[in-house]
Amino acid sequence: MRGLFYQLKSVWKDKFCMMSFFLPIVVALALKFIGGIDLSSVAEFHFGVLESDLSDQTIGWLGRYGSVTAYKTQEELTAAINEPSTYMIGVTSDGGSIQTMVSGDELDLFRQTADTLPALYEGRERAAEISVNILERPDMMAGFQNIFIAITLIVAMFMGCTFNAMNMIAEKENGIDLVNQVLPVTQSGYVIQKIFVGFTGGCLSAVLTACCYFRLQWGSAILMLVLIMLSAFIAALIGLFIGKFSESLMVGVVYIKIVMIIFMAVPLVSYLLAAGGLASVLCYFVPSSAAFEGIMNLAASGNPAIAKDLLILMAHCVIWFLLYLSISKWQKKHT
């Protein structure tokens with residue numbers, strides 16, 4: 001227990017580990033906040049007109065498609081159109097029709113609208129006779145938030161890898177590793193002691209992250225907890241490998257970044273490309289692929305089927321644990 005206490009104490013001193021712990025929670029809260037923001041106004045049209053230039057009927061017609069702002073002089077209207085932070089379309093009278101003005105740096109949507117607006121105005125009377133069904137505006141963030149939170153959860157689970165790797169590298173640089181080699185403790189006991197704090201931190205970070213975003217039923221919540229525990233255990237084991245084979249802090253940081261990129265990129269690319277067949281099977285060699293798939297299933301389904309993902313993660317836990325013990329035992333015999 002004293003060894004675990006010292007491990008916990010070192011966590012609070014490591015800013016890198018603390019950042020790894022709290023960052024996913026902050027991101028989850030931000031995603032939850034963004035999900036409640038109405039982004040429909042981003043695509044709203046803004047029209048600029050001159051006072052006493054267009055009729056009230058024309059201004060009312062423009063108001064059906066966006067907001068209308070009146071300016072006193074042509075200079076003020078031109079300045080508003082050229083303002084880089086806006087996509088305003090200038091509208092002035094042109095005999096019995098209208099003409100539009102844009103600055104040229106707008107998105108294609110606004111330029112095309114400016115080009116077709118005079119023709120729409122000419123046919124406004126005929127268009128009024130057409131029956132129109134207004135469809136519900138789709139959520140701009142729909143389908144993306146679950147992907148973002150799944151990646152964030154994977155980062156949270158990865159906290160255990162970061163802690164274990166940094167802890168073991170620090171022990172090497174401080175000479176503590178030489179002391180550990182002569183302590184009366186079994187190899188499995190040493191591994192369990194090293195894994196425990198990283199595993200606990202990864203689980204806690206991922207659970208808090210999931211609680212900030214998901215509102216799952218009890219059954220799904222238990223499955224999510226099991227998924228997090230298995231993933232955090234694997235991440236803690238990989239952290240031991242990084243710590244064992246890293247001779248310096250900089251090398252360890254590079255290894256951590258490479259592994260994190262692989263953990264995030266492989267499941268994300270596989271999901272976006274809808275990989276199947278052999279490619280899908282190969283992706284499961286990266287543990288985060290099963291974790292990502294399980295999180296997405298839990299987020300999108302009331303009755304998720306993640307038994308396959310849990311079995312894959314269990315297999316990874318056993319294989320990585322036995323592999324580490326075997327390598328450590330072989331190294332001890334040959335040193």
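**Figure 1. Helices α11 and α15 have axes that come within 10 Å of each other and cross at roughly 25°.** The model shown is predicted, so local features need pLDDT of at least 70 and side-chain atom pairs count only at pLDDT 80 or more, while totals for chains, interfaces and linings use all residues. Residues are numbered from 1 along each chain as its sequence is written, and side-chain values use heavy atoms, with hydrogens and water left out. Helices (DSSP runs of H or I, at least four residues) and strands (runs of E, at least two) are numbered from the N terminus. Axes are lines fitted to C-alpha atoms, for helices over the stretch in contact, and angles run from 0 to 180 degrees between N-to-C directions. Helices α11 and α15 are therefore roughly parallel (under 35 degrees; over 145 is roughly antiparallel, 65 to 115 roughly perpendicular, and the rest oblique). Helix α11 passes α15 in a left-handed crossing (the near helix is turned anticlockwise from the far one by less than a right angle; clockwise is right-handed). The residues of the contact of α11 with α15 comprise 20 nonpolar, 4 polar and 1 charged. Here Ala, Val, Leu, Ile, Met, Phe, Trp, Tyr, Cys and Pro count as nonpolar, Asp, Glu, Lys and Arg as charged, and the others, Gly among them, as polar.

**Figure 2. L225 sits in helix α11, which covers residues 218–245.** Is L225 buried, partly exposed or exposed? L225 counts as partly exposed because its relative accessibility is 40% (buried is under 20% relative accessible area, exposed over 50%, partly exposed in between; 1.4 Å probe, protein chains only). L225 and C203 are 22 residues apart in sequence, and their C-alpha atoms lie 8.3 Å apart in space.

**Figure 3. Helix α7 (residues 145–157) packs with helix α12 (residues 249–272).** Their axes are 10 Å apart, and the packing angle is about 155°. That angle makes α7 roughly antiparallel to α12. The crossing of α7 past α12 is right-handed. On the α7 side, I147, I151, I154 and V155 take part, and they meet F263, M264, P267, L268, Y271 and L272 of α12 (contact means heavy atoms within 4.5 Å). This contact of α7 with α12 has 10 nonpolar residues, no polar ones and no charged ones. An α-helix has 3.6 residues a turn, so residues three or four places apart point the same way.

**Figure 4. Helices α7 and α14 cross at roughly 135°, with axes that come within 9 Å.** What word describes how α7 and α14 lie to each other? They are oblique to each other because of this angle. Their crossing is right-handed. N146, I147, A150, I151, L153, I154 and M157 of α7 form one side of the contact, and S288, F292, I295, M296 and A299 of α14 form the other. By class, the contact of α7 with α14 has 10 nonpolar, 2 polar and no charged residues.

**Figure 5. Helix α14 (residues 287–300) is mostly covered.** This helix has 14 residues and reaches 21 Å from its first C-alpha to its last. That span is close to the 20 Å expected at 1.5 Å a residue (1.5 Å times one less than the number of residues). How many of the 14 residues of α14 are buried? The count is 10. Among these buried residues are P287, F292, G294 and L298. The buried residues of α14 pack against α7, α11, α12, α13 (278–283) and α15 (307–333).

**Figure 6. T92 lies in strand β3, residues 89–94.** T92 is buried, because its relative accessible area is 6%. Not counting residues up to four places away in sequence, T92 touches L50, D53, L54, L77, S97, I98, Q99 and M101.

**Figure 7. T58 lies in helix α3.** T58 counts as buried, since its relative accessibility is 4%. Leaving aside neighbours within four places in sequence, T58 is in contact with I98 and Y121. T58 and S97 are 39 residues apart in sequence, with 9.6 Å between their C-alpha atoms.

**Figure 8. S52 is found in the loop between β1 (45–50) and α3 (56–63).** S52 has a positive phi of about 65° although it is not a glycine. S52 counts as exposed because its relative accessibility is 81%.

Figure 9. Of its 335 residues, 40% are buried. Among contacts between residues at least 6 apart in sequence, 70% join residues at least 24 apart.
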